[in-house]
Amino acid sequence: MVFTSFNFLVFFPTVLVVYFLLPQKFRWIFLLAASYYFYINIKPVYAVLLAAVTLTTYIFTNLIAKTKSDGKRRAYMVTSVILTLLPLFFFKYFNFVNEGIYSLLNLVGLHLQLPHISMLLPVGISFYTFMALGYTIDVYNEEIDAEKNIGVVALFLSFFPVVMSGPIERAGNMFHQFKGKLEFSAEKVVQGLQLMLWGYFMKLALADRLSIYIDAVFKNADQHVGSSLLLATLMQPIRVYGDLGGYSLIAIGCARVMGINVIPNFNRPFFATTMSEFWRRWHISLIKWLTDYVYTPLSFGFRKYGMWGIVISLNLTFIISGAWHGAAFNFLVWGFIQGVALSVEMLTRKSKDAFEARFNLAKKWWYMLFGCAFTYLLFALSLSFGGDAATVPEVLKILGRIVTDPIQMPYKDGDTMLYGFLAFAIVFIKDFMEEFYPGRVLLFNNKNNTVRWLAYYCVLFLIFYLGIFSGEQFVYFQF
Amino acid sequence: MQKEEIVNRLTPVFRKVFSDNSLVVTDELSALDVENWDSLSHMLLISEVETEFAIKFKLKDLNKMANVGDMIEIIRSKFQ
């Protein structure tokens, strides 16, 4: 079931009504049932996998908590991590690794036929696997107690607003909410619905609109001129922001309506002036997860190498992030570009700071604009490698043609460009005001009823006017 | 080791890592208060502190360091 489907428009209000009619102590149980119904609706057999990961996590976290010996605790933690990763590896990386082995064998003259899995990746597996791993490691590090109630663990890993594409939640943030008072709060209902409304706008009016142009160009890249390829490349970050950013707001909004706070995932990323700042604003839940469970242990291990230890850890972390996004070399290149960009920033930070201080640049608007533009361009370039269908040679060919093709008028799709630009302008102005003039212009939060309701109707009208209703999937469902 | 001695030895380490000669080390000081104190410079700080005091932190120790006060307590515990 997709957030933009008709089924969800029936499912969510029904869940809400039953949820709030039930006595408080039964609400979390109902949420668990609703979440499994939601997930089974996608493909029943994959729910078995989710249940297996839940059971593994539950058993091993409790074993870790009960055990005193450090060695045994560690063994339980490692076993749990391996078992939890197995389904993800099987569905996501089996073919990738096999193809690698096949290519290597081919190089030495051995032509063996290796098995190939042709099953779809279970939706959300990358997300709930990371959530389960995070919880297990937190229990091992004694940062959280092991949960005795398997139902709470099951709800944490299957919670329907976040199960498909995050935000990648933490047990420490969710358990106490599920076990606490899940009360009706008119304020939270309004906040949640506002987030959902804006999320739908970002997804339907911005992301899906731009997807028409981007897909038309990249699916027939050979037939398009360099300027069209450049335009589509530049649109990609905005499309993903609209898609995952929109999805995240709908997810966070859904949970908020039910009285549950989910961590944010984006914070006006295009106003970042450096890549390191960008990664504190983009897909925050994933980056925080990678920082805590991959980067920190790695950099701790390499700390005796000083700066270079951090450089190695950064690059490895982002290559793992690339692999998490997709089992293909292009995603590894995407991750490597991020790692290199961040390493360069870190190694030059002191001289950059001194340069900025010397010429008093840090608060100059044109300098900030330059930083934002450079960061955006670098991310757009890296994102060329982050497409699901593109191989590294294809991407290099596209980038080469952007540079070498003679300047011509790009491919024109009047409606898409006009409506896409309009949707982007609205999102940009909103983000700009919140970034630089917070609280100055209030629409959704205006105390005046007329202004507030007018704002709701305007966004709703714009969703229907500018939006695409062809049942487009969310980009991050494939991960 | 006395807390005062730890603070006195930590101050130049902090000032060097964060390139700020006016930085004052207090119990409440945390990453939120210092520009450039992020996950990258944090590990440099950890490494410099280990060298200064000739100690080794555990990964678990890092998770318990919410501010400098926590760090001082962990350093003290290494000398007990």
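Predicted model: local features only at pLDDT ≥ 70, side-chain atom pairs only at ≥ 80, totals over all residues.
User: How much confidence does the predictor give the complex, as ipTM and pTM?
Analyst: The complex gets an ipTM of 0.89 and a pTM of 0.90 from the predictor.

User: And what is the mean pLDDT of chain A?
Analyst: The mean for chain A is 90, and 96% of its residues reach 70 or more. Chain B also has a mean pLDDT of 90, with 100% of its residues at 70 or more.

User: Which elements of chain A have the lowest and the highest mean pLDDT?
Analyst: Among the elements of chain A, helix H4 (residues 70–107) has the lowest, at 85, and helix H6 (residues 150–158) the highest, at 97. In chain B the lowest belongs to helix H3 (residues 59–63), at 86, and the highest to helix H4 (residues 68–78), at 93.

User: OK, the fold. How many helices and strands in chain A?
Analyst: Chain A has 18 helices and zero strands.

User: What radius of gyration does chain A have, and what would a compact globule have?
Analyst: Chain A has 23 Å. A compact globule with 479 residues would have a radius of gyration near 23 Å, so the two agree. The C-alpha atoms of chain A fill a box of roughly 70 × 65 × 55 Å along the principal axes.

User: What share of chain A is buried?
Analyst: Buried residues are 39% of the 479 residues in chain A. As for contacts in chain A with a separation of 6 or more, 75% are between residues 24 or more positions apart.

User: Now chain B. What are its elements, from the N terminus on?
Analyst: They run α-α-α-α. That is four helices and zero strands.

User: What is the radius of gyration of chain B, and what does the globule rule give?
Analyst: Chain B has 11 Å, close to the 12 Å that the rule gives for 80 residues, so chain B is as compact as a globular protein of that length. Its C-alpha trace spans about 30 × 25 × 20 Å along the principal axes.

User: And the buried share of chain B? What about its contacts?
Analyst: Of its 80 residues, 19% count as buried. Residues 24 or more positions apart make up 53% of the contacts in chain B with a separation of 6 or more.

User: What span should H11(A) have, and how far apart are its ends?
Analyst: At 1.5 Å a residue, its 18 residues should span 26 Å, and the end C-alpha atoms are 24 Å apart, which agrees.

User: Which residues of H11(A) are buried, and what covers them?
Analyst: Among the buried ones are Ile284(A), Trp289(A), Leu290(A), Tyr295(A) and Leu298(A). The cover includes helix H5 (125–140) and helix H12 (307–325) of chain A, together with helix H2 (39–53) of chain B.

Methods:
Residues numbered from 1 in each chain as written. Chains lettered and ligands numbered in written order. Helix = DSSP H or I, 4+ residues; strand = E, 2+ residues; numbered from the N terminus. Rg over C-alpha atoms; globule rule 2.2 N^0.38 Å. Buried ≥ 20, exposed ≤ 12 C-beta atoms within 10 Å, placed from the backbone. Contact = placed C-beta atoms within 7 Å. pLDDT = per-residue confidence, 0-100. Expected span 1.5 Å × (residues − 1).
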